[in-house]
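Here is a quick tour of one protein model, going from the overall fold down to single side chains. Have the structure open as you read.

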Amino acid sequence: MAAKAHRGGGNPFEFGQAVHADSIVDREEELRRLKDAVRNGERLFLIGPRRFGKTSLLNVVQQQLEREGVVVLKYDVEKFESAELLARALLAGAIRALAGAAEKIGAVVNRQLKRFFGSLKPEVTYDVMQQSISVSFGVTRGPKDSDLPLLTDVLDGIEAMARAGEKTVAVVLDEFQQLVASGGVAAERQIRAAVQTHRHVSYIFAGSKTRLLTDMTSQHGRPFYRMGSSLFLGPVPRSAFIPFIRDGFERHGFKVAAGAVEHILDLVEDVPYSVQRLAHRCWDLLCAGGPGAQGALTSAFVDRALERIALEEDPAYTQLWMSLTEVQKKALKAVIASGGRLLLSKAVTTEHSLSAASMQKALKALNDRGIIREEQSLGDARLRLDDPFLATWLKAAQST
Ligand SMILES: Nc1ncnc2c1ncn2[C@@H]1O[C@H](COP(=O)(O)OP(=O)(O)OP(=O)(O)O)[C@@H](O)[C@H]1O
Ligand SMILES: [Mg+2]
């Protein structure tokens, strides 16, 4: 589900893919840190839960740095089913960016390819009509060989190319945990071995498996330990989100009752995607002038919009619910009822008729599936639903 805001008089609230660069709310501090990291040739891990705005932020970073002449090679690892395909895309991107105008492809590029990527025996095809480059590798590999070395060799080549060209180059890998998910610690070690020797390429590794990434980067003995600094992406601060949302309604002539915008943020626990989606729905319903609308956003109106979204998602939520075991269903309800705290306590396990051991196992399964996530702040740990609309759906579905 995605909706882009229409420029001009349309719905001002965007959700789905990354937000348009000029409608991103706040994030100045994070933007500054990310850009500084690239300018200083650092390695930075950007860690944040799903749908908190990592890709939106990375898009703005890319746009602003490119304006300064930095070469930004940004890829979403999740979109490639193998490290080889990612390596090919990176190499094609590097050639395009570092070898100058694509029309010059030919002698110059071939020379550069041999010099920097010779061991991979790359073959480059240039489609003049499409203005596109595609790359394949001539090296032979056994069917069981990992294709990660192809990627690290490409990264080594990009480093050499950046050094020779004396350009600032940043490699940005979104959802990078995917790369090490299958290869485990051995993959982490291989990536580290390459990346830590690079001095002319900076790296931003972004990912949403917060616990996995925090462990990966902060546990002594793991290859990525202290390989770079970490930047944790939290919710968009209310001090910026509230005026943005209020303005979105008021600019179009809707009145906003006291507390209504805060109610949106409360209901969806400040998850930026869900905030925008709920605000978007409210705006549409106000425009349609449905019952109780009267041109004003009130808390009761927000509640109704939330129910509408939960209802729209009924097939997806039903499917998800049906895929859970009985114990997982109980554990999920316990997370909602307890506010995500003290789930292994006697009081909570007894109330939900589960042993502490089965509760723990079920919570792990829910976490592995990305249905719940752990949130740590100021020494307080709690579990939260990845998608806050799910709680509303469940409440409505089981109301008697
Ligand atoms: N800074 C922001 N200002 C306004 N809306 C935001 C912001 N960050 C995120 N959002 C909202 O969250 C949605 C998802 O953003 P984005 O795709 O950048 O997040 P993500 O963390 O990359 O998500 P995923 O984990 O699914 O890849 C956006 O479409 C938008 O509705
Ligand atoms: Mg993303």
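## Overall build

Start with the contacts between residues, meaning heavy atoms within 4.5 Å. Of those in the protein with a separation of 6 or more, 69% join residues 24 or more positions apart. Buried residues, meaning under 20% relative accessible area with a 1.4 Å probe and protein chains only, make up 47% of the 400 residues. The C-alpha atoms fill a box of roughly 70 × 55 × 35 Å along the principal axes.

A word on the ground rules: this is a predicted model, where local features need pLDDT of at least 70 and side-chain atom pairs pLDDT 80 or more, while totals for chains, interfaces and linings use all residues. Residues are numbered from 1 along each chain as its sequence is written, chains are lettered from A and ligands numbered from 1 in the order written, and side-chain values use heavy atoms, without hydrogens and water.

## Domains

The domain assignment, which is automatic or from a database, gives domain 1 (27–232), domain 2 (238–312) and domain 3 (324–397). Between domain 1 and domain 2, the C-alpha centres are 39 Å apart.

## Two nonpolar cores

A nonpolar core here is a set of buried Ala, Val, Leu, Ile, Met, Phe, Trp, Tyr and Cys residues joined through side-chain atoms within 4.5 Å. The largest one has 51 residues, and I245, F249, L278, L297, L332 and I372 touch the most other members. Helix α10 (residues 272–288) supplies its largest share, seven residues. Because domain 2 (238–312) and domain 3 (324–397) both contribute residues, this core lies between them. Apart from it sits another core, of 49 residues, including F117, L173, V195 and F224.

What does L278 touch, leaving aside its neighbours within four places in sequence? The list is I264, L267, V268, V302, A305, L306, I309 and F389.

## Cysteines

With a disulfide taken as a pair of cysteine sulfur atoms within 2.5 Å, the count is zero.

Notes:
Buried means under 20% relative accessible area, exposed over 50%, partly exposed in between (1.4 Å probe, protein chains only). Helices (H or I, at least four residues) and strands (E, at least two) are DSSP runs, numbered from the N terminus.
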